[in-house]
Amino acid sequence: MKKISNIYDGGRMKVEQVEIDLPGGITLERIVVKPGGAVAMLPVEDDYCYLIRQYRYPIEKYIYEAPAGTMDEGEKPPETAHRELIEETGFKAEELIDKGFIYTTPGYTNEVIYLYETRGLSPSTEFSPDLDELIEVVKVKKDEVHAMIADGRIVDAKTICLAYKCLGTD
């Protein structure tokens, strides 16, 4: 992939026009969105997990999702997970269990979200919530999460992936 031009550079988010050579010898120009890395966590406690109900302005509605956030420059995924969990839920985790990563939409972006299950939760005010986030923390029975996915109450892709990786496929 060879960069042709920068279309947008907003610090964390870059949009580039690139030239790509596909297998078979075809060369194409495409737009690639580069938002940087992110993390998502599923806080688990006994028979419950915690989701957030957050307002998402691009879709103009509140949705249920796992706590998540973008990595600051120089931050490692576990550091981001620690910070974002506290910012969005008010909990710190004693245990951070690596559940791999996902590519969100590899047809036009290189975005990677690192996935974690968190356990051993306790209250923390080490980090403050972001001012632009409208978040409500919701305690949900673990066996209710799959029903919420099936009936459309949970439609967020990273949350569905975390449910599969942390809670199985029931």
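Leaving aside its neighbours within four places in sequence, T109 is in contact with V33, P35 and T104 in this predicted model. T109 is found in the loop between strands β8 (residues 91–103) and β9 (residues 112–123), and with a relative accessibility of 8% T109 counts as buried, since the term applies to residues under 20% relative accessible area. One of these contacts can be described at the level of atoms: a polar atom of the T109 side chain lies 2.7 Å from the backbone oxygen of V33.

Strand β3, which spans residues 27–34, also holds I31. With a relative accessible area of 42%, I31 is partly exposed, and together with I7, Y8 and M13 it makes a nonpolar surface patch of about 370 Å².

D46, placed in the loop between β4 (residues 38–45) and β5 (residues 48–56), has a phi near 55°, which is a positive value in a residue other than glycine. E60, in the loop between β5 and β6 (residues 61–65), likewise has a phi near 55°, again a positive value in a residue that is not glycine. As to accessibility, D46 is exposed, with a relative accessible area of 63%, and E60 is exposed as well, with a value of 64%; both assignments follow because exposed means over 50% relative accessible area.

Helix α2, formed by residues 142–150, has V145, H146 and M148 as its buried residues. These residues cover an arc of only 160° around the axis, and they therefore lie on the same side of α2. On the other side of the helix, D143 and A150 are exposed, so that under the cut-offs of under 20% for buried and over 50% for exposed the two sides of α2 can be told apart by the residues named here. The cover over the buried residues of α2 includes strands β5 and β6, together with β10 (residues 135–141) and helix α3 (residues 157–167). Just after α2, G152 takes a positive phi of about 90°.

Conventions: Residues are numbered from 1 along each chain as its sequence is written. This is a predicted model: local features need pLDDT of at least 70, side-chain atom pairs count only at pLDDT 80 or more; totals for chains, interfaces and linings use all residues. Side-chain values use heavy atoms; hydrogens and water are left out. Patches are made of residues with over 30% relative accessible area and no salt bridge: like charges are joined within 9 Å, nonpolar side chains (Val, Leu, Ile, Met, Phe, Trp, Tyr) within 5 Å. Accessible areas come from the Shrake-Rupley method with a 1.4 Å probe; for residues, only the protein chains shown count as cover. A salt bridge is a side-chain nitrogen of Lys or Arg within 4 Å of a carboxyl oxygen of Asp or Glu. Helices (H or I, at least four residues) and strands (E, at least two) are DSSP runs, numbered from the N terminus. Buried means under 20% relative accessible area, exposed over 50%, partly exposed in between (1.4 Å probe, protein chains only). A polar contact is a pair of N or O atoms within 3.5 Å; within protein, one must be able to donate a hydrogen and the other to accept it, and residues adjacent in sequence count only if both atoms are side-chain atoms. Contact means heavy atoms within 4.5 Å. The arc is that of the directions from the helix axis to the C-beta atoms.
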